[in-house]
Amino acid sequence: MQVQLSDQVALVTGAGRGIGRAIALRLALAGARIAVNDLNPDTAERTAREIVTAGGAAAAFVADVANKMAVQMMIAECLERWGRLDILVNNAGVEPKASVLTLDEWDWDRTLAVNLKGAFLCSQTAGRAMREQGSGIIVNIASIGGHKIPLKDRAAYCASKAGLVGFTRECAREFAAYGIRVNAICPGVIETEMTAALRQNPEQMRKWLEDIPQGRLGRPEDVAELVLFLCSDAAAYITGQAIHVDGGKVMA
Ligand SMILES: NC(=O)c1ccc[n+]([C@@H]2O[C@H](COP(=O)([O-])OP(=O)(O)OC[C@H]3O[C@@H](n4cnc5c(N)ncnc54)[C@H](O)[C@@H]3O)[C@@H](O)[C@H]2O)c1
């Protein structure tokens with residue numbers, strides 16, 4: 001896709017690896033300056049270096065998206081550095097595995113804190129800056145597991161992603177008056193570290209592939225291309241949506 005984001009600044013959370021990294025690289029390729037957030041300083045630095053080495057502009061911002069002070073400082077630093085914030089991608093996420101009957105309370109709380117509260121904190125702080133600018137784009141990375149289908153042993157995760165889809169809609173309604181569009185993306189199974197262990201299991205792979213009409217798992221780049229589209233003027237009239245990128249696994 002030919003999209004020009006040359007004078008824009010994008011903050012991508014959880015961009016040290018996986019889907020977030022692919023989104024950061026794609027938006028950078030379109031010309032945006034990228035604030036690469038991650039909890040892990042090494043991977044955040046690595047993604048930022050990759051962008052700079054390829055001729056783009058980026059800096060690492062290490063922060064826990066579940067921590068209000070850390071989020072506020074991160075966005076203040078981003079604004080100080082580049083003077084604006086045009087795009088926020090709430091991508092950071094965790095996925096503890098346990099049945100409802102065995103799930104630890106700490107894991108429940110942490111999952112909701114990172115996947116849902118993190119998106120709220122980043123959207124609130126970034127939304128204030130975007131309102132001042134009179135424009136902005138927020139993309140929340142949810143999941144098919146939070147929208148249409150349950151995922152085995154992922155109760156906290158599914159609850160957090162369903163919450164994120166609900167938050168996306170209300171945020172889109174409220175922010176429309178300020179020229180800010182807010183959408184969610186619901187990826188299917190994507191080839192990242194998050195799914196690495198399950199992808200080693202041939203039985204699990206067979207089941208997944210049987211259910212995906214396009215006959216392959218998704219790549220981080222499949223999600224990144226949709227983020228780019230949602231950040232482009234071609235998506236100017238799209239807000240409050242939860243869009244699947246899953247090879248046809250879930251058909252609405
Ligand atoms: N991989 C999939 O199949 C899949 C499917 C649907 C949705 N998703 C969603 O896409 C997003 C990215 O997934 P992924 O597969 O790339 O995962 P990943 O585990 O490979 O990467 C997640 C990144 O988020 C960072 N992170 C975790 N907690 C953080 C925090 N509190 N603050 C800042 N950074 C934090 C991690 O350090 C890591 O770099 C997640 O929200 C995930 O739920 C993934």
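Reply: K97 is exposed, with a relative accessible area of 57%; exposed means over 50% relative accessible area, buried means under 20%, and partly exposed lies in between (1.4 Å probe, protein chains only). The model is predicted, so local features need pLDDT of at least 70 and side-chain atom pairs count only at pLDDT 80 or more, while totals for chains, interfaces and linings use all residues. Residues are numbered from 1 along each chain as its sequence is written, and side-chain values use heavy atoms, leaving out hydrogens and water.

K97 meets D153 in a salt bridge, at 3.8 Å from N to O; a salt bridge is a side-chain nitrogen of Lys or Arg within 4 Å of a carboxyl oxygen of Asp or Glu. Because D153 lies in the loop between β5 and α5 and K97 in the loop between β4 and α4, the pair ties together parts that are 56 residues apart in sequence. Helices (H or I, at least four residues) and strands (E, at least two) are DSSP runs, numbered from the N terminus. D153 is partly exposed, at 22%. A network of salt bridges links K97, K152 and D153.

A second pair is formed by R154 and E95, whose side chains meet in a salt bridge at 3.2 Å, N to O. R154 belongs to the loop between β5 (136-141) and α5 (155-175), and E95 to the loop between β4 (87-90) and α4, so this pair ties together parts 59 residues apart in sequence. R154 is buried at 8% relative accessibility, whereas E95 is partly exposed at 24%.

The structure holds 12 salt bridges. Another of these joins R110 to D64, with the closest N and O atoms 3.2 Å apart. R110 lies in helix α4 (residues 105-133) and D64 in the loop between β3 (58-62) and α3 (68-82), so the pair ties together parts that are 46 residues apart in sequence. R110 is partly exposed at 24%, and D64 is partly exposed at 22%.

D38 is buried yet has no salt bridge, and the nearest side chain of opposite charge, R17, is 6.7 Å away; here Lys and Arg count as positive and Asp and Glu as negative, while His and the chain ends are not counted. The D38 side chain instead reaches the backbone nitrogen of A15 at 3.5 Å.

The ligand comes next. Among the 29 residues around the ligand, R17, D38, N91, Y157 and T192 come nearest; a residue is near if one of its heavy atoms lies within 4 Å. An oxygen atom of the ligand is 2.8 Å from a polar backbone atom of I19. Nitrogen atoms of the ligand take part as well: one is 3.3 Å from a polar backbone atom of L39, and a nitrogen is 3.1 Å from a polar backbone atom of V65. Taken alone the ligand exposes 830 Å², of which the protein buries 93%; accessible areas come from the Shrake-Rupley method with a 1.4 Å probe, and for residues only the protein chains shown count as cover.

V65 also touches T13, as do N91 and A92, among others; contact means heavy atoms within 4.5 Å. T13 sits in the loop between β1 (9-12) and α1 (18-29) and is buried, with a relative accessible area of 2%. A polar atom of the T13 side chain lies 2.9 Å from the backbone nitrogen of A92.

Conventions
A polar contact is a pair of N or O atoms within 3.5 Å; within protein, one must be able to donate a hydrogen and the other to accept it, and residues adjacent in sequence count only if both atoms are side-chain atoms. Lists of a residue's contacts leave out its neighbours within four places in sequence.
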